[in-house]
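I opened the model to record a helix packing, a strand and one of its residues. My entries follow the display.

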Amino acid sequence: MHTNNNDGRPEKAASGAGPSACDTCGDSSCSATRQRSGESEQEFRERQKLEQRMCRIRRKIVVLSGKGGVGKSTVAVNLAVALVMAGQKVGLLDVDIHGPSIPTMLGLKFGSGRGVGDELLPIDLDGLKVMSLGLFLPGEDEAVIWRGPMKTALIRQFLKDVAWGDLDFLVVDSPPGTGDEPLSVCQMLGRVDGALIVTTPQRVAAVDVRKSISFCRQLRVPVLGVVENMSGFVCPHCGNITPILCTGGGQRLAEEMKVPFLGSIPMDPKIAESGDHGRAFLSHYADSPTARIMREIIKPLETLADGSDNKTECGKEKDLMREGEGAVE
């Protein structure tokens, strides 16, 4: 695990914890081999297990939105499916604890989650590994009435105890806003390769995107790009796109905030139909015009898999991160 200790606390070798204590990467300087000053043995073992899990995941993408109801989960699901279709090993983690919609959108039964020993087993859907709190709830109507510490503990458990295995990508569907869940995820993942921010064209939604971008900059998370969802309506009869709402809000905001704009996804009745019937739109309607638009938007993110350090738009955004404010502790 090549994660640096970013909190400024010194690390020391744990008793009996030499290079062999973390055999995931074989790097004796790995932070998972070092017990931090003031860290109990149990805390060290928990952190070590978390870092060992994360070490086996090459790329981590967090999908964010400033406001609810903008189609963030739809984008997260179809991003994950697109990466699987491109031949990548992908995990999809739903940390929208109060409103887990991923099981419904992928046709998974609530209460179908299971574990073996101290591991939680993700559901494997044709190569896509899925984990959500919804898989452990008895039904869709079950309310999760939790405060911050319980939510943070669950996110840690999902990252630490889920048997993700070796992944090329982990896509994290985070709840809207900049609260406990997105903060915990970004801090626990170690290195986050980037955030995808979803908005709708209206100004009221775009204003909140500024907060999401500021959130990423404070945590030094690169912004991979902004996606404008529900931009125009696709007629189910002729296929023409009609701008029933204002358009261009996402692009204007991206330009003002100096982050990439990845494109606009129209309102397509087939997207809603797919989600309601538990099917991924991108694979079920692969030949539709909207699916082609979606693939073009997602295509730049697929290049992260090759580990290239070319100065793409994402690379420029990383430079902005280094110039931004310090990370929130």
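I took contact to mean heavy atoms within 4.5 Å. The model is predicted, so to speak of local features I required pLDDT of at least 70, and side-chain atom pairs counted only at pLDDT 80 or more, while totals for chains, interfaces and linings use all residues. Residues are numbered from 1 along each chain as its sequence is written, and side-chain values use heavy atoms, without hydrogens and water.

Entry 1, helix packing. I took helices (H or I, at least four residues) and strands (E, at least two) as DSSP runs, numbered from the N terminus. In H4, I found Gly148, Lys151, Thr152, Ile155, Arg156 and Leu159 meeting Asp180, Glu181, Ser184, Val185 and Met188 of H5.

Entry 2, strand S9. Pairing requires at least two DSSP bridges between strands. S3 pairs with S9 in the parallel sense over six bridges, and Lys60 stands opposite Leu170. S4 (residues 90–94) runs parallel to S9 and is joined to it by five bridges; there Leu92 stands opposite Val171.

I located Ser65 in S3 (residues 57–65). Ser65 is buried, with a relative accessible area of 1%. Leaving out residues up to four places away in sequence, I listed Val70, Lys72, Pro176, Gly177, Val198 and Ser212 as touching Ser65.

Note on methods. Buried < 20%, exposed > 50% of the residue type's maximum accessible area, 1.4 Å probe, protein only.
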